[in-house]
Structures are given as C-alpha cells and as structure tokens.
Amino acid sequence: MQQTGVEIQDLTVTSSDGTNPQAPPTGEEGSNPAATVPIDEWTDITADFFDCVKDLKLGELVHDSLFGLLEAMSAIEMMDPKMDAGMCCNREATPLTFDTAVETGQLKLVNLEPKECIGIIDAVYSCTVSWLEGHSMAQTVLTCLYLHKPNRVECKTMKSFSIAIQKIINLIRNFTLRAHVFEEEDFQHGTFDNNLCAEITETKALNMLKMAEDDLIKKAKDVEEETEKEEIQALLTRIRFTRLFLQCLVALYPVKQSVSPTKNEMVDIVKTLNGALELAQTMEKTIDLGTQPEEGSDAPNPMGFSMMVNQRLLPPTFPRSTKIKDRKSSIQYLVELIQRIKHACKIVNCTNFHAALNFLMDFSKKFGPCLLSRSIPQTLYLPARGKVFGVKPLTEVLKESARAFIAPPVLLPDNPLFNNPCAVMCVNSFFEYNEPTFSTLFAICGYNRARQRDRLGMIMSSFANLQDEAERVDVYLHSLSLKNENSRQHLACFGTWVFYHCLRAMSFYLLAGLELELYSVHEYLYIFWYLYQYLFCWIGSALTRAETFLAEQEYMADMKAAAASKGANQKKPKAKKRKSKSDAKEIIFNHAMQTLCGGYYKALAGFIKEDRIPEPLPMFDNEQVRFEHRFAPFATLATPPPMPYSEFKQMKMFMLQSPATELYAAAAKHFHEARTLLETFPNPDEDWADVVKVAKMNFVMMNLLASGHSRQSKLPPEFDFSCHRYFPIIKQRK
C-alpha cells in the first residue's frame with residue numbers, strides 16, 4: 001500500500017457555543033464545581049471526513065505521526081463481522097446457553113429422533129475437524145451445547161456420544177502437546193477451563209458407547225418402517241465409528257510407564273482402524289439422513305449449537321471468523337485421517353534411527369498439513385524423554401546407527417577398544433552429547449514444511465559443535481588404538497557419521513526453499529550450483545568412505561575367521577561386499593540427484609547466456625547479498641566449509657564463456673545420466689518414478705534447445721513443479 005501526506009482538517013468536537021468543552025475553565029467560574037462539568041454535544045463529522053479522503057486514491061493510506069503503516073495494519077475495521085467482535089455479538093441478542101436452551105425448549109434432553117442425533121453427530125465431527133485445522137475450540141467444538149453438561153442429557157445415545165467425543169478431543173490434545181511439533185498457526189490447544197469429562201475414564205466411555213450400540217440394535221429389530229430403520233442403522237454406524245476411533249486412540253497413546261504399543265498390539269490397532277475406516281465410508285453415504293444446517297445460519301445444525309455461547313471466553317483481540325467445515329468434507333477428512341494414522345503406525349517397524357528418520361521425512365512429504373498424524377509417530381517413537389518406544393535409550397539407538405553406517409572399531413565387540421574403560425567413557429559421553437541434537441532433528445521432521453526449513457537453519461550451529469566433538473573423540477580413540485597390535489585406525493569414523501547427517505540437513509534446507517517457492521528464478525543458478533558442486537558431492541564422499549570402512553571391517557572379520565579355522569582352506573579370503581540393498585539404493589539415488597542438479601545448473605547457465613531469465617534492476621539488487629543471505633545458516637559450519645560468493649562468481653563467468661547450445665547439450669547429458677541411474681534400480685517407489693519422468697521431459701527439452709529450437713525467442717522459460725516438489729519440468733514457449 002502507498003502512503004500519502006494528505007493533511008487532515010481539525011475535526012475537534014466542539015460544544016454548541018463554539019468553545020472547546022475540554023479546555024480548562026478560566027477566571028472565577030473555575031472555582032465553581034458545577035461549572036467544571038462540560039456539557040458535550042456530538043457533532044456529525046461524516047461529511048468533513050469524506051471531504052478529507054477525496055484526494056486519496058484506492059489503496060492509499062493517510063500517514064500521520066500517530067498513525068503510520070503499522071497502526072493501519074493492526075487496526076480493527078469497525079462494523080466488519082470478520083474483525084469486529086461486537087458485530088458478531090449483535091447477531092444474537094442473548095447468547096444461547098445450555099440452561100436457557102433447555103428452559104425455552106430449544107434443546108431436547110430426551111426422546112431425540114434418530115435423524116436429529118445423526119445431524120448433531122455429523123455437526124460435532126465438522127466442528128472437530130475445524131478445530132484440528134487450527135481454529136479455537138471455543139468457536140468450534142464447544143459451540144455444541146450437549147458437550148457443556150453431558151451428564152444432564154437423558155438420551156443414552158447422545159449422552160454416550162457427548163462424553164466420548166470429549167475423550168477423543170482430550171486424547172488428540174494430549175498427542176499434540178506431547179509431540180509438541182506445532183506452531184501457533186497450526187493448533188490451538190486451549191480448553192477454556194472445560195475439563196473434558198475428566199471424571200469419566202476412557203474405559204467407562206467405551207462401555208457407555210457399547211451399551212448405546214446394543215440399544216440401537218434392539219430398536220432396529222423392533223422397527224418395521226424402512227425409512228426409520230435406515231436412520232437407526234446410520235446412527236448405529238456413527239456410534240460404532242466413535243467407539244472404534246476412541247479405542248484406537250486409547251491403544252496408541254503410551255500411558256503405561258510411557259511405553260509404546262508392541263508390534264503384535266499394533267496389528268490389533270490397525271485392524272480396529274480398518275473397521276473404523278469402513279464405517280467412515282458408510283457415514284459419508286448417509287449424511288443426508290440427518291437434520292441439515294439452516295440456510296443463512298452459521299450454526300452447523302438447527303438444534304444443539306450456539307455460535308456465540310463462548311464469546312466472552314475469547315481474548316480481547318479480534319476473533320477470526322470461523323467457518324465450520326461442511327459435513328461431506330469433514331467425513332472425507334476423517335477417512336483420510338484414519339489412513340494417515342494407519343501409515344503412522346508403521347514406525348514401530350523402524351528398528352534403527354536412520355530408518356525412523358527417513359520414515360518421518362517421507363511421512364512429512366505425503367501428509368504434511370495434518371497435525372495429529374504428524375504427532376502420532378513422534379509420540380510412538382519417543383514416548384518418554386530419551387527412550388525409543390519407551391524401552392531402549394536413544395543413546396544406544398544412535399550407537400547402533402553409527403555402527404550400521406560406518407562400523408567404528410570402538411563399537412565392535414571383537415575390538416580391544418570395546419572393553420577399554422577410557423574408550424567406553426569417551427564414547428558414552430559423546431553420544432550423550434549427541435542426544436539433544438538428534439532428538440531435535442527427529443522432532444523437526446514432525447513440523448509443517450515451512451517450520452522444518454526454519455528450524456533446520458537454526459540446528460546448523462549444533463551440528464558445528466558436534467563435528468568438533470566428533471573430531472576430538474576420533475583423535476583420542478585413534479591414539480588408544482595405536483597401543484594395540486593389528487588394530488584398525490579410528491580416524492574420522494564418528495566425524496563421517498555426523499558429517500553425513502549434517503549434509504542431509506543442509507541439502508533438505510536448500511531443497512525445501514524450492515518446494516516453498518522462496519527463490520526467484522534468477523536465484524536458481526546458485527542454488528543448483530551449490531547442490532551439484534558441493535552438497536551431493538560431499539554426501540557421495542561420506543557414503544563412499546563409510547562403504548570402504550565397512551568393506552575393510554568385513555575383510556578383517558573374514559581374515560580372523562580363516563585364521564581361527566584349522567586345517568581348512570588356507571587361501572587368503574577375498575573381501576565380501578555385504579552392503580545392504582537400502583544403502584546401495586541411497587548411493588544410486590544420491591548420485592542421480594547430483595547429476596540432476598548439474599543438469600539444472602547448466603540449463604540455467606544456457607538461459608542466462610541467451611538473456612532468457614529476467615534479472616532484477618541493478619539499482620535494487622546485489623547478487624552477493626542475496627547469495628550470502630541464502631546460505632547464511634551454513635556460515636557456522638567448519639566442515640563442510642561455506643562456499644564464498646567469489647568462487648560462485650568465478651565459476652559463473654567460466655560457464656558463460658561456453659555457447660548456449662553447448663550448455664544445453666551438457667544439461668541434456670546430465671538429465672539422461674540421472675534417468676539411467678534411477679532406472680537401473682528395480683521396483684522404484686513413487687518419488688523415484690516422478691524424478692524419472694522429470695528427467696525424461698527435461699532431456700527432451702534440452703535436446704530441442706541444443707538443436708536450435710526457439711532460438712529467436714526471448715521468452716523466459718517456465719519451471720513446472722506440479723510433477724515433483726523439488727525438481728521442475730522445464731518448458732520453453734516459442
């Protein structure tokens with residue numbers, strides 16, 4: 001918005017005699033107490049106000065010393081229902097409470113018809129979904145009057161549901177608070193002093209639902225009219241769904257000594273979720289059988305809801321206008337939520353930290369927006385501080401991760417250092433020092449995508465400290481290993497392991513910027529340059545070093561086994577490469593990513609060579625400042641060293657010396673190589689298939705550009721991220 005210096009006329013309110021009523025009395029009259037009380041008369045300034053704003057154009061704001069842009073953006077627009085809380089209150093003369101609704105006959109406590117119960121239940125689930133999407137509980141779930149005093153409800157079905165839904169809400173709230181991977185914009189956990197039926201246990205609530213089910217089954221058998229029978233069956237489906245959903249959340253939440261469910265228990269939970277999923281799909285087909293919201297009303301159901309009942313509980317700031325989600329979308333949300341929870345349960349199969357971290361990162365890509373489904377795997381994996389699944393210390397899991405990655409000699413039972421007291425104390429201290437950083441890294445994967453990137457930038461300083469500590473530990477352990485005969489070197493073992501995780505965090509930080517569309521097109525060049533020339537190259541070096549270390553360890557193990565065998569084959573055994581399939585897949589995928597980024601880097605250089613990418617005006621731009629800003633979080637790291645702008649500038653000048661056609665041909669070669677690498681691995685997952693498709697499309701486009709296609713055109717290229725969140729399809733119009 002623009003600001004203008006339009007002068008505002010003096011609109012001081014004056015009394016009828018023309019004097020200022022707020023001026024202090026003068027003379028002898030000032031001694032008279034009665035004379036000090038001014039008689040104010042309001043003056044209509046509407047016409048003067050509109051005369052003042054005639055010189056303002058659309059979008060301009062008046063700038064005054066006491067009313068600048070900050071005040072204008074923070075101001076409440078009067079008479080706007082979305083911002084002015086008073087306008088919301090005026091819709092109802094007196095907000096309807098539970099007691100007044102019962103007294104006036106607007107709330108039925110007994111003899112509710114099945115269609116009325118269906119309408120109320122569907123409306124409550126719509127409010128619950130709206131609450132899960134970030135709205136206040138006071139403006140969503142607690143607008144249902146039946147939830148205020150459920151013990152006074154005489155209808156067994158509605159009473160059991162009202163209590164059960166509060167237990168569900170309490171469990172959801174506990175999951176999210178325990179995982180604590182949300183921001184203010186994600187979730188509002190305040191209950192406004194509502195105890196959510198704390199005096200009733202979840203077991204009792206489940207029993208009440210079961211009794212309500214039995215009553216509905218009996219009633220359905222006694223009813224002969226087909227329409228009524230159909231309504232009872234639809235109501236029975238909703239009560240049964242509520243019971244199964246509550247049962248799953250109770251089973252998943254680690255209460256007993258903060259221990260997560262075992263694999264066998266998880267099988268039963270998934271079966272229950274499958275049952276709830278089928279019922280939710282049936283609920284979606286019978287939405288029309290319940291009472292529907294009245295047209296023009298904000299209430300999600302004609303009976304049982306008062307949208308203003310909690311207005312006085314809201315903070316004094318303006319309330320957001322809460323639009324309750326419609327019923328069909330809400331039931332679809334519940335169906336997808338159950339599917340996400342089923343997928344989240346698979347984390348119990350992740351026995352090592354590396355697998356759990358990969359699982360959470362993939363889970364975040366697929367199911368990012370849903371806070372509950374992001375919180376469940378966090379709670380299951382670390383239900384207690386420093387305890388994986390509530391059983392195994394996280395430090396031990398991290399040791400196993402390092403052992404599987406690079407097999408440091410100190411962690412191998414057949415190595416003399418394994419039982420050395422000094423080495424054991426040193427290693428234990430190192431992993432205790434590591435634990436907070438890796439716990440934070442694990443928690444970061446549970447945040448929404450934007451917050452993940454922010455927090456990854458902040459964790460780089462912790463990785464810098466870990467790398468220094470790992471280097472000191474490796475040097476100390478190497479000095480101890482030299483005192484033992486035929487002992488392996490212990491140089492850069494823990495350092496390589498920490499270095500690898502640091503590089504992954506760095507690469508994800510840069511790629512997340514592409515996903516979130518934080519970079520301008522003219523910035524893509526140095527982003528892909530950094531990924532191609534350094535990050536993926538360093539990741540490949542770390543993986544290769546780890547693979548070599550593992551191969552050496554396996555060779556030495558074979559040598560010892562051969563020496564121990566008597567009278568057997570005395571030939572020198574060959575080293576056996578036993579890298580797991582997942583490790584080989586990661587090496588191939590990393591190499592493909594590096595090659596793919598090289599294709600983008602050279603393609604962008606070709607576009608810049610032909611002036612197809614618009615650059616910002618020099619007077620408003622400084623490329624070095626932008627470069628240093630984008631890579632500022634890496635400045636705290638000593639390894640890998642942050643790349644200076646001068647090196648990028650030199651590489652850019654060197655690249656732009658080549659003709660554009662050569663750059664396009666080199667880019668096509670990179671895209672073809674990436675595609676070939678990815679297609680060599682059997683049974684690719686969905687992400688791999690998408691990258692292969694991107695590589696194919698870009699290979700074709702680069703070949704066309706290298707052959708002179710659209711050479712006369714100066715239109716900027718299009719970067720289509722619809723196929724993959726990180727790697728766009730390049731399109732060039734004629």
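**Nonpolar core, backbone geometry and ring contacts**

The largest nonpolar core of this predicted model has 215 residues, and those with the most contacts inside it are Met158, Phe241, Phe494, Leu510, Phe528, Met702 and Phe727. Helix H17 (residues 524-564) supplies the largest share of this core, 18 residues. Domain 1 (98-313 + 322-340) and domain 2 (584-732) both give residues to the core, so it lies between them. A nonpolar core is here a set of buried Ala, Val, Leu, Ile, Met, Phe, Trp, Tyr and Cys residues joined through side-chain atoms within 4.5 Å. Buried means under 20% relative accessible area, exposed over 50%, and partly exposed in between, with a 1.4 Å probe and protein chains only. Helices (H or I, at least four residues) and strands (E, at least two) are DSSP runs, numbered from the N terminus. Domain bounds come from an automatic or database domain assignment. In soluble globular proteins, nonpolar side chains tend to be buried together.

Residues are numbered from 1 along each chain as its sequence is written. In this predicted model, local features need pLDDT of at least 70 and side-chain atom pairs count only at pLDDT 80 or more, while totals for chains, interfaces and linings use all residues; side-chain values use heavy atoms, with hydrogens and water left out.

Contact means heavy atoms within 4.5 Å. Not counting residues up to four places away in sequence, Met158 touches Leu112, Cys117, Ile120, Ile121, Tyr146 and Val153. His670 lies in helix H21 (residues 660-680) and counts as buried, at 12% relative accessibility. With neighbours within four places in sequence left aside, His670 is in contact with Tyr532, Thr595, Gly598, Gly599 and Lys602.

Most residues other than glycine have a negative phi, and most peptide bonds are trans. The peptide bond from Thr639 to Pro640 is cis, with omega near -5°; Pro640 is found in the loop between helix H19 (623-630) and helix H20 (645-655). Leu196 has a positive phi, near 55°, and lies in the loop between helix H6 (156-179) and helix H7 (202-222). Asp611 also has a positive phi, near 60°, and lies in the loop between helix H18 (581-609) and H19. Leu196 is buried, with a relative accessible area of 3%, whereas Asp611 counts as exposed at 60% relative accessibility.

A search of the whole structure finds 46 aromatic pairs. Rings of Phe, Tyr and Trp (its six-membered ring) pair if their centres lie within 6.5 Å; planes under 30 degrees apart count as stacked, over 60 as edge-to-face and the rest as tilted. Phe175 and Tyr253 form an edge-to-face pair, 5.1 Å centre to centre with 85° between the planes. This pair links distant parts of the chain, 78 residues apart: Phe175 is in helix H6, and Tyr253 is in the loop between helix H8 (226-252) and helix H9 (263-285). Phe175 counts as buried at 0% relative accessibility, as does Tyr253 at 15%. Phe430 and Phe494 form a tilted pair, 5.1 Å centre to centre with 40° between the planes. Phe430 lies in helix H14 (residues 421-444) and Phe494 in helix H16 (residues 493-515), so the pair ties together parts that are 64 residues apart in sequence. Both Phe430 and Phe494 are buried.
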